[in-house]
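Thanks for asking me to look this one over.

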Amino acid sequence: MNHKNTYLYKGMKSLLALMSLALIFLMGSCNKDFPNQLSQEHKNDTAAVSSKNRKVLYLIIDGARGRAIRELNAPNLTQIIKRSIYSYDGLSDFNKTSMSNADGWSTMLTGVTAAKHGVRSEDFSGNRLTQYPTLFSRMKALNPTLRSASFSASAAFASNLATDATESKSFNNDDVAVKTALMQELNRDDATLAVAEFGSVEAAGKEFGYSENTPGYATALLKMDAYVGEILEALTKRKNYAGENWLVVIASNKGGALPAGPPTTDKTVYADDSRNNFIAFYNPRFITSLVAKPASDQIPFTSVAPKFYGGDGQNVKAVIPNDNGLYNFGTNDFTIQCKFKGSGTDRSWPVFLSKSTGINNGSTPGWVIYLSGKVWSMNVSGNGGWSNFSSNGVVNDGLWHTITVVFYTEGAKKMVRCLTDGVVTNAGVDITSRGTRDTSVPLAMGRKSGDAENPDVLISELQIFNTALSNATIAAQVKKTTLDPAHPNINNLVGYWPCNEGKGNQLINLAPRGKGIDFTLTGLYQWQVFSEYSPFLDPPISDSFYLLVPNSVDIPFMIYQWMGMNAPTGWGLEGVVWKAKYTDVK
């Protein structure tokens with residue numbers, strides 16, 4: 001059975017979708033049929049920027065890691081970024097797990113990622129470049145009189161991607177020859193789109209490694225920087241340069257993997273050096289704009305949850321009036337798990353999750369989970385007595401944690417073990433003498449009436465399974481902030497309350513076997529919105545998180561817009577425009 005749709009957090013999904021749309025509009029415009037924005041933004045264009053003849057110089061530097069360029073402080077690129085929209089944290093393709101030169105080039109020239117253009121290996125096998133043509137092909141179709149030129153170190157680049165350029169030459173891995181041909185192209189009055197692909201930095205990376213601390217790689221990057229200086233000087237010496245408006249794009253097709261270093265807390269694509277690009281959009285009139293990656297080593301858990309707090313006056317609790325016996329497991333195995341955040345203030349035995357009348361009440365079977373200072377503890381009652389024990393797991397520290405209780409069978413014994421953040425913190429307590437867990441007392445979250453201490457906690461993602469989950473399964477799932485539809489024990493799920501409704505007084509049960517068995521909030525309850533980092537959780541990351549920096553796929557769309565060419569929706573472009581601010585436009 002596929003439960004994927006059942007477990008979607010609909011409220012937060014909508015919120016994230018709205019945030020993603022807002023992000024896209026802040027960065028620029030998506031590829032749809034609309035008038036060119038870059039020419040519409042200059043209603044007060046006192047310097048006549050938009051009226052000048054627009055042209056593009058596009059330099060592709062294979063294998064140049066963005067962060068290596070930053071650390072080397074290359075002199076010419078350092079000057080260029082003073083008039084650029086740029087990033088040392090650009091991404092080749094955030095959906096790919098490995099990068100090749102060919103798929104990097106293809107993304108940079110088609111404006112779609114490998115999922116569409118199909119180029120994944122250096123031989124271009126399986127490509128769909130006919131369906132997703134390159135800049136050269138698009139421009140030739142739109143304006144056959146426009147001159148485009150390609151000069152490449154790689155013959156594969158020329159034969160697979162530049163056949164529709166007005167002029168295309170490859171130079172057998174000779175970057176000096178590429179530079180010379182490009183500078184000659186810049187002497188032509190009709191030069192309009194000039195593209196050059198350089199391979200020496202990638203060759204050095206393959207031979208020496210891609211670290212800026214490796215002399216061979218660093219030398220290659222600095223030599224490439226010198227080439228860039230020469231090329232830009234040749235550009236500015238064009239006879240009609242003062243009457244032209246050039247966009248210069250300098251970008252790497254991919255980065256390069258580094259040897260394993262110390263463990264990192266960044267588990268996102270931003271930490272993958274093989275996809276780490278340098279991307280710069282330069283124009284002498286641009287105001288400098290550094291686009292840095294977000295704090296990718298501390299992804300916040302973002303949601304909303306009910307707050308259980310206060311004494312009898314507030315009476316904040318959530319109760320299932322009638323579960324039809326679904327959560328009475330007798331002496332059978334079952335598992336309870338939830339995300340939990342305590343305020344950090346020491347508390348003496350406030351109950352926050354229970355199916356019992358209270359702590360130390362042996363006359364009524366059941367179980368109680370409560371705080372004892374900074375740790376969480378349990379009480380299991382029945383047969384005229386109770387078993388009271390600590391989990392030994394610290395959770396009341398102001399961070400989000402995962403609490404797991406497993407009722408299991410060990411031979412003839414009935415046992416309980418406690419796990420905190422997926423780690424066993426109490427290996428096993430014998431509760432055989434407590435008998436059955438069946439009780440008419442309802443399942444409840446929050447304070448028990450008459451408790452001496454008041455809770456101050458948030459609870460989210462409450463899950464109940466009618467089996468004893470293994471330690472391995474718990475450890476594999478524990479950092480996820482929503483239920484995995486592929487959870488190995490999904491068919492044992494009998495209760496799942498995300499607790500993220502954000503309004504109303506119902507906590508809806510999303511487990512198919514528990515449909516309609518919902519919690520009802522009572523008292524002066526509050527919904528608390530939060531976005532907080534916890535080292536014990538790995539929240540999911542949406543694509544919008546990787547759109548916060550320039551991606552290779554953005555470059556063609558940026559070029560089309562610069563050239564005043566509207567990109568129809570039918571092209572399927574995936575990039576965005578990075579809007580520039582001008583020094584001489586009011």
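The points below go from the sheet and its helices to the aromatic rings.

1. Please keep in mind throughout that this is a predicted model.

2. Let's begin with the sheet. It is open, has 8 strands with mixed pairing, and its order reads β4-β3-β5-β1-β6-β7-β2-β8. The edges are formed by β4 (167-170) and β8 (289-290), each of which pairs on one side only. At the β8 end, the partner is β2 (residues 84-91): the two strands run parallel and are joined by 2 bridges. If you want a spot to check there, I85 stands opposite S289 in β8.

3. Which strands does helix α11 lie across? Helix α11 (residues 215-236) lies across β1, β5, β6 (244-252) and β7 (276-282), and its direction makes an angle of about 165° with β1.

4. Helix α7 (residues 135-142) is worth a look for its buried residues, which are L135, F136, S137, R138 and M139. Their cover includes three strands of the sheet, namely β1 (53-61), β3 (148-152) and β5 (193-198). Helices also contribute to that cover, among them α5 (101-110), α8 (155-161) and α13 (554-562).

5. Now to the aromatic rings, where the count comes to 20 pairs. One of them joins F301 and W400: the ring centres are 5.2 Å apart and the planes stand at 75°, over the 60 degrees needed, so this pair is edge-to-face. Because F301 lies in strand β9 (residues 301-309) and W400 in strand β16 (residues 400-410), the pair ties together parts 99 residues apart in sequence. Both F301 and W400 are buried.

6. W400 also pairs with F530. Here the centres are 4.8 Å apart and the planes are at 35°, so the pair is tilted. F530 belongs to strand β24 (residues 526-532) and W400 to β16, so this pair ties together parts that are 130 residues apart in sequence. Are W400 and F530 buried or exposed? W400 has 0% relative accessibility and therefore counts as buried; F530, at 3%, counts as buried too.

7. Another group of rings to display is the cluster of F94, Y270, F545 and Y546, which are linked by ring pairs.

8. Finally, two charges over rings. The charged end of R54 sits over the ring of W562, 4.2 Å from the ring centre. K307 lies over the face of Y309, with 5.6 Å to the centre of the ring.

Definitions and conventions
Residues are numbered from 1 along each chain as its sequence is written. This is a predicted model: local features need pLDDT of at least 70, side-chain atom pairs count only at pLDDT 80 or more; totals for chains, interfaces and linings use all residues. Side-chain values use heavy atoms; hydrogens and water are left out. Buried means under 20% relative accessible area, exposed over 50%, partly exposed in between (1.4 Å probe, protein chains only). Helices (H or I, at least four residues) and strands (E, at least two) are DSSP runs, numbered from the N terminus. Contact means heavy atoms within 4.5 Å. Two strands pair if DSSP finds at least two bridges between them. Axes are lines fitted to C-alpha atoms, for helices over the stretch in contact, and angles run from 0 to 180 degrees between N-to-C directions. Rings of Phe, Tyr and Trp (its six-membered ring) pair if their centres lie within 6.5 Å; planes under 30 degrees apart count as stacked, over 60 as edge-to-face and the rest as tilted. A charge sits over a ring if NZ of Lys or CZ of Arg is within 6 Å of the ring centre and within 35 degrees of the ring normal.
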